[in-house]
Amino acid sequence: MRSPFRPLKVPDPGILDDHRPLVRQIERRGLLRGGLTLGALTLLTGCDVTDTTAVGRALRAVSDFNDGVQAALFDPRKLAPEYPASEVLKPPRFNAYYDVEDVKPVDGEAWRLELAGLISDKRPWTRRQITELPEREIIIRHVCVEGWDYIGQWSGVPLRAFLERVGADLTAKYVAFKTADDYPSSIDMASALHPQTLLATRYAGQDLPDPYGYPLRLRTAVKLGFKNPKWITAIEVTNTYPGGYWESRGFNWFAGI
């Protein structure tokens, strides 16, 4: 599916020709200083801006640089703000790359969580086994890349505790997720080990409803909303970059808040 944030037709770079005097005037005033203009892109990469392949590579390099900066600035000990239960939105807001009418409910009794990669005990987990683990509750703000947010109340096993339980290599780079709705995602290990990162099984004290990820979803306070996959079916610990659904469509991978 095409990202809703991209135009159906890529604009012709020549569209800027009529505005180049204004752009130069703005640049002279320093208003674009520090931004990545087309001119700066050409100077930094030596690429022809009419060559979309070269531009794509350059922008990917900039995105990778941004990811590295965010990772370097991330403090795994810093907690995100938490809120009173009176502010919790019930039910939570639905968001996915499709409409809520297209949600396909998961059979919780037949569901299994598969494990792969740098994990010593790869035996699959049932829903009941996961709900029997000690859980934590967090009331945090969900921040969507589209610009909206809400306060949510999530309960589940801390991802760190689960990874320790199954003997995952906590020095690995990535934790990747597969889901029942074909929405692959992944996060860095430091964020996976953050105390406000859960494998959530409940919302506002009740089992997760079907539209919000039943029986298991990721819920972390340190990432934008699209980094919280729902209906998780598999977890892999790996040193190979796994990407994700939106990342393959141009979104930044780290996506920290």
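Strands here are DSSP runs of E, at least two residues long, and helices are runs of H or I, at least four; both are numbered from the N terminus. I call two strands paired if DSSP finds at least two bridges between them.

Note on the model: I am working from a predicted model, where local features need pLDDT of at least 70, side-chain atom pairs count only at pLDDT 80 or more, and totals for chains, interfaces and linings use all residues. Residues are numbered from 1 along each chain as its sequence is written, and side-chain values use heavy atoms, with hydrogens and water left out.

E137 has S155 in strand 4 as its bridge partner. The two strands make a hairpin with five residues between them, and G147 in that turn shows a positive phi of about 110 degrees.

Open sheet: Next I traced a sheet of five strands, ordered 2-1-10-5-6, with mixed pairing. Strand 2 (125–126) and strand 6 (185–188) sit at its edges with a single partner strand each, so one side of each has no neighbour in the sheet.

Then I went through the pairs. Strand 1 (residues 112–117) runs antiparallel to strand 2, with two bridges, and R112 lies opposite T126 there. Strand 1 also pairs with strand 10, this time parallel, over four bridges; E114 has A234 as its bridge partner.
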